[in-house]
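Here are some friendly notes to read alongside the model.

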Amino acid sequence: QLVESGGGLVQAGGSLRLSCAASGRTFGNYAMGWFRQAPGKEREFVAVISASGGTTYYADSVKGRFTISRDNAKNTVYLQMNSLKLEDTAVYYCAASLIFRGPASTYLYWGQGTQVTVSS
């Protein structure tokens, strides 16, 4: 089970940190990704971190502004979002996959999502 938290309303240029807490004993076996879906748009990839936490990959739209990290001792993955833009408004989902940088179809578990709204 994956549970996201940390979403909310923030002004453009501000920051938020999302958290995703996982239950179970095999968290460290999974690559963890963040995805987002804006109203009327398809879900899109945001960032992914390898099972060990040693490798990360970002969508071009968030590179340099967002940072993904994980704490395997706490079964938690984070998404630090800085310099937020209006277009970052979306529901953000975390997901777990046994394949690093695999397509969305390879993610086996998904959270329920947390809303991030960026205002002007």
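1. A word on accessibility to begin with: buried means under 20% relative accessible area, exposed means over 50%, and partly exposed is in between, using a 1.4 Å probe and protein chains only. On that scale Phe45 is partly exposed at 24%, and Tyr57, at 33%, is partly exposed as well.

2. Please keep in mind that this is a predicted model, where local features need pLDDT of at least 70, side-chain atom pairs count only at pLDDT 80 or more, and totals for chains, interfaces and linings use all residues. Residues are numbered from 1 along each chain as its sequence is written, and side-chain values use heavy atoms, with hydrogens and water left out.

3. Now the sheet. Strands here are DSSP runs (E, at least two residues), numbered from the N terminus, and two of them pair if DSSP finds at least two bridges between them. Four strands make an open sheet in the order S1-S3-S8-S7, paired antiparallel. Strand S1 (2-5) and strand S7 (66-71) are at the edges with a single partner strand each, so one side of each has no neighbour in the sheet. On average, neighbouring strands of this sheet are turned by 15 degrees against each other, direction ignored; the axes behind that angle are lines fitted to C-alpha atoms.

4. How many bridges join S1 to strand S3? There are four, and S3 covers residues 16-22 and runs antiparallel to S1.

5. On to the aromatic rings. Rings of Phe, Tyr and Trp (its six-membered ring) pair if their centres lie within 6.5 Å; planes under 30 degrees apart count as stacked, over 60 as edge-to-face and the rest as tilted. Six aromatic pairs turn up in the whole structure. One of them joins Phe45 and Tyr57, whose ring centres are 5.9 Å apart with planes at 25 degrees, so this pair is stacked. Phe45 belongs to strand S5 (residues 44-49) and Tyr57 to strand S6 (residues 56-58), so the contact ties together parts that are twelve residues apart in sequence.

6. Tyr107 and Trp110 also have ring centres 5.9 Å apart, but their planes are at 55 degrees, so that pair is tilted. Tyr107 is buried at 5% relative accessibility, whereas Trp110 is partly exposed at 28%. Phe35, Phe45, Tyr57, Tyr107 and Trp110 form one aromatic cluster.

7. Which ring lies under the charged end of Arg43? That ring is Phe35, with its centre 5.9 Å away. The charged end of Arg70 likewise sits over the ring of Phe27, 4.4 Å from its centre. The rule asks for NZ of Lys or CZ of Arg within 6 Å of the ring centre and within 35 degrees of the ring normal.

8. Finally, the salt bridges (a side-chain nitrogen of Lys or Arg within 4 Å of a carboxyl oxygen of Asp or Glu). The count comes to four. Among them, Arg65 and Asp88 have their closest N and O atoms 2.7 Å apart. Arg65 lies in the loop between S6 and S7, and Asp88 in the loop between strand S8 (76-81) and strand S9 (90-97), so the pair ties together parts 23 residues apart in sequence. Arg65 is buried at 11%, and Asp88 is buried at 0%.

9. Glu44 and Arg36 meet in another salt bridge, at 2.5 Å from N to O; Arg36 is buried at 4%, while Glu44 is partly exposed at 34%. Arg36, Glu44, Arg65 and Asp88 are linked in a network of salt bridges.

Notes
Axes are lines fitted to C-alpha atoms, for helices over the stretch in contact, and angles run from 0 to 180 degrees between N-to-C directions.
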